[in-house]
Amino acid sequence: MVEIYTRIRGYAEVSSLSKHEQIVSGMIAAIEDGIVERGDLLPSINMLSGELGYARKTIDKAYGELKDRGLIEARNRKGFFVSTEDVEQVVRVALVLYEFRPFQEVFYNVFRASVGENVQVDTFFHHNDFEVFKDIVTKVAGRYGCYVVAPVIHAQSSKVLTQLTANRLLIIDRQLSASPLSCFVIQEFEATTYGIFSGLRERFQKYDQVVLFFRKHTAYPAGILTGSLRFFKEHGIKYQILDAYQEGSLRKGNLYITVGDADLWSLLEDCIDLSYTLGEDVGVLSHNESRIKKMVHGGISTWSTDFSQMAERAAAFVLERGNMQEVVPTVFIDRGSL
């Protein structure tokens with residue numbers, strides 16, 4: 001019983017939770033952590049009231065919610081017990097993503113399929129807005145059994161995430177300067193961009209100039225820019241960094257590198273209008289793989305992490321827990337467009 005009380009008191013530190021939500025979250029944590037198992041007797045309403053100092057009606061409300069979720073059952077004159085049928089079926093995950101872009105859709109679909117039907121996934125989007133991100137984290141804190149979060153890269157993001165129980169939090173996609181004990185499944189940008197570009201050096205050198213479209217003050221990973229600049233300078237590549245593609249600015253003999261898809265689609269429209277052949281008249285390389293890039297304009301070469309693999313590993317964290325600190329490899333996918 002002592003460990004159950006400890007779990008509940010742990011959620012009392014989450015200011016956004018009411019007392020009955022603290023009890024619900026604490027009981028869920030106790031069940032998921034194996035402190036109590038199917039068929040185990042739980043503390044009575046009177047016991048919880050006396051131990052925690054909460055009103056009986058507050059505890060009754062919490063037990064009612066747990067019954068509605070199928071986590072516990074009441075047996076006549078015997079008390080409340082962990083359900084023998086539904087405990088393993090009620091796992092609630094808060095999935096916090098940037099936005100529903102094609103590569104995020106790949107992650108979501110694989111993650112949703114990999115965790116299985118018995119896991120409830122509620123999805124939130126922060127659109128790389130720190131205030132929205134902070135509000136989402138505060139809203140979900142203590143209300144879920146697991147948190148899978150693609151964070152906003154901001155000086156205060158690590159502090160915001162301290163609201164979430166550490167061993168139930170998985171950081172995905174981009175790493176923060178958080179505790180070395182933090183669990184993560186992420187991609188790396190600077191070294192991988194430099195390495196992949198280095199492997200393509202001869203292809204880069206056949207073009208008059210490389211034009212990289214990189215929008216500062218956005219969600220674009222800074223490591224892509226630093227890795228690219230290091231490669232350009234070390235190998236004597238003539239280059240230009242532009243904020244965005246301007247319609248009609250396409251020039252034969254250039255290699256164009258896009259990080260955002262809006263620039264890619266505008267650039268390809270000009271390629272069609274000018275009847276340019278990719279890989280001959282101009283080169284195109286795009287960041288982040290998606291199904292449409294396999295098909296459009298004969299196929300677009302990309303450098304990208306494997307979002308399916310990232311999703312599968314995130315699902316494994318939800319289902320198995322444990323310490324997970326992994327960097328998903330980034331690879332070059334050649335479709336002849338450069």
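The points below cover the basis of the note and then individual ion pairs.

1. This is a predicted model, in which local features need pLDDT of at least 70, side-chain atom pairs count only at pLDDT 80 or more, and totals for chains, interfaces and linings use all residues. Residues are numbered from 1 along each chain as its sequence is written, and side-chain values use heavy atoms, with hydrogens and water left out.

2. The structure holds 14 salt bridges, a salt bridge being a side-chain nitrogen of Lys or Arg within 4 Å of a carboxyl oxygen of Asp or Glu.

3. Helices (H or I, at least four residues) and strands (E, at least two) are DSSP runs, numbered from the N terminus.

4. Lys252 pairs with Asp281 in a salt bridge, at 3.9 Å between the closest N and O atoms. The pair links distant parts of the chain, 29 residues apart: Lys252 is in the loop between β9 (239–242) and β10 (254–258), Asp281 in the loop between α11 (261–274) and β11 (283–287). Asp281 is buried at 17% relative accessibility, whereas Lys252 is exposed at 51% (buried: under 20% relative accessible area; exposed: over 50%; partly exposed: in between; 1.4 Å probe, protein chains only).

5. A salt bridge also joins Arg313 to Glu326, the closest N and O atoms being 2.8 Å apart. Arg313 belongs to helix α13 (residues 307–320) and Glu326 to strand β13 (residues 325–327), so the pair ties together parts 13 residues apart in sequence. Glu326 is partly exposed, at 26% relative accessible area.
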